[in-house]
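Please look at the chain below before reading on.

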Amino acid sequence: MSVVTKNFISTNDRDRRITDRLNEIFALATGKRWSDIHFESLEDGSAEVRVRIRGRLKQLEIIHPDDAKLLINKLRYRANLDVSDTRHEQDGRFVQEFEGRRIDVRLNIVHTNFGYSAVVRLLDSANAGIPIEKLQMPEGIEAAFRWGLSQREGAVLNAGPTGSGKTTTLYAGLNSKNTEDTKIVTAEDPVEYILKRIQQIPVGEGTGRTFSSALRAMMRQDPDVILVGEIRDAETASIAMRAGMTGHLVMASIHANSSLETYSRLQDLGLPKHIIGASVRLFIAQRVVKTVCPHCRQKASVALPEVFNDSGVEVPGWEWVGSGCESCDETGYDDRMAIFEAIKMTRPFRDALGDEQAMEAAARLQPQYQTLRTAGCNLIVSGETNSLEIDRALSEGLAG
Ligand SMILES: [Zn+2]
């Protein structure tokens, strides 16, 4: 991804208005940490600009039809995409700089009946470098994570749906291992953040590589640490687990609802109990939850007391609800944080593998273990979030 310019540049008077406006939109989005910008053609030839603010889309403006055509080409130029191609889906990336911050931009364009739908995802490269202590893990879970990462060999698996912050957690782990004496190779679909000194292999559509073929290639690279973006097929699961038994630390994310479910998922992928027991060192699961805005929060009775069922946490007398204010863009929520659960592959847990109840009992013997529900309910009690948000986060399905 070689990029010469750091911003949109106008080449004549006619396009100055739209390049200025694009630079303003990107600066605004970067400053406010919006995650996505959507540019969509409307029936009259104009384009609607919508931005995703704290999870919800909001209209920013309508671009005049004269500028709407220029806009899509400016985006394509930035991402080195063919401007004459109006039939195929296009994927590209570029770097935008704003006040010294470097933002990796991913662009996807599909052609629609009225023109185009171009979606831009903004990835703040500061996220790629976050240290483990910034993950806000409970102390016991952070200690378990560090323990997992300190293993000479074995697998650390992180489960959760898309958008649950798995990548951020794994990158934080990777950063902690990123020293001169350690060779790190990753397979990612796609490579989201560029990491210094780490050999990152893009896999998936358009790369001609799958996770399993990349993993096989990585094994010939004399690696110490391997990151597998996602274990989603039997072959990848098998190579990754075997790598964890032959002198490599393997980190991977996997689609499963909980740490305990990760075990069933690995079995579904054809891995026998003894391989899982010998390779996995740590199971993590996580969700991202929104935190209530401190500027507009009000006490309210607990909206969904049933969220506390089976959590072992007592339903509190009240919870915070944000009524919406300027500071939180009227959403009532201010920030995001993750909730975690972690299970170490201890001797008792290994002995219990395959027996769901025994596994849960063995997990409960570990001091850091709490279910995601319990972790979420604790956050309601401590005033970080509320039952509506925990209910949403926990019921988030695993699509695909
Ligand atoms: Zn607010």
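What follows is a short briefing, grouped by topic.

This is a predicted model, in which local features need pLDDT of at least 70 and side-chain atom pairs count only at pLDDT 80 or more, while totals for chains, interfaces and linings use all residues. Residues are numbered from 1 along each chain as its sequence is written.

**The whole chain**

- The protein chain holds 12 helices and 15 strands, where helices (H or I, at least four residues) and strands (E, at least two) are DSSP runs numbered from the N terminus.
- A compact globule of 400 residues would have a radius of gyration near 21 Å, and the 23 Å of the protein chain agrees with this; the radius is taken over C-alpha atoms, and the globule rule is 2.2 Å times the number of residues to the power 0.38.
- Along its principal axes, the C-alpha trace of the protein chain spans about 70 × 60 × 40 Å.

**The two domains**

- The domain assignment, which is automatic or from a database, gives domain 1 (13-126) and domain 2 (130-395).
- The centres of domain 1 and domain 2, taken over C-alpha atoms, are separated by 31 Å.
- Their contact takes seven residues from domain 1 and eight residues from domain 2, with two residues counted as in contact if their C-beta atoms, placed from the backbone, lie within 7 Å.
- On the side of domain 1 that touches domain 2 there are two nonpolar, one polar and four charged residues (Ala, Val, Leu, Ile, Met, Phe, Trp, Tyr, Cys and Pro count as nonpolar, Asp, Glu, Lys and Arg as charged, and the others, Gly among them, as polar).

**Helices α11 and α12**

- Helix α11 (residues 372-381) and helix α12 (residues 387-395) pack at an angle of about 160 degrees, with their axes 9 Å apart; axes are lines fitted to C-alpha atoms, for helices over the stretch in contact, and angles run from 0 to 180 degrees between N-to-C directions.
- α11 and α12 are therefore roughly antiparallel to each other (angles over 145 degrees count as roughly antiparallel, under 35 as roughly parallel, 65 to 115 as roughly perpendicular and the rest as oblique).
- The contact includes Leu372, Gly376 and Ile380 of α11 and Ile390 and Leu394 of α12, and the contact residues divide into six nonpolar, two polar and one charged.

**Helices α5 and α6**

- Helix α5 (residues 211-219) and helix α6 (residues 234-243) pack at an angle of about 25 degrees, with their axes 8 Å apart, which makes α5 roughly parallel to α6.
- Among the contact residues are Phe211 and Leu215 of α5 and Ile239 and Ala243 of α6.
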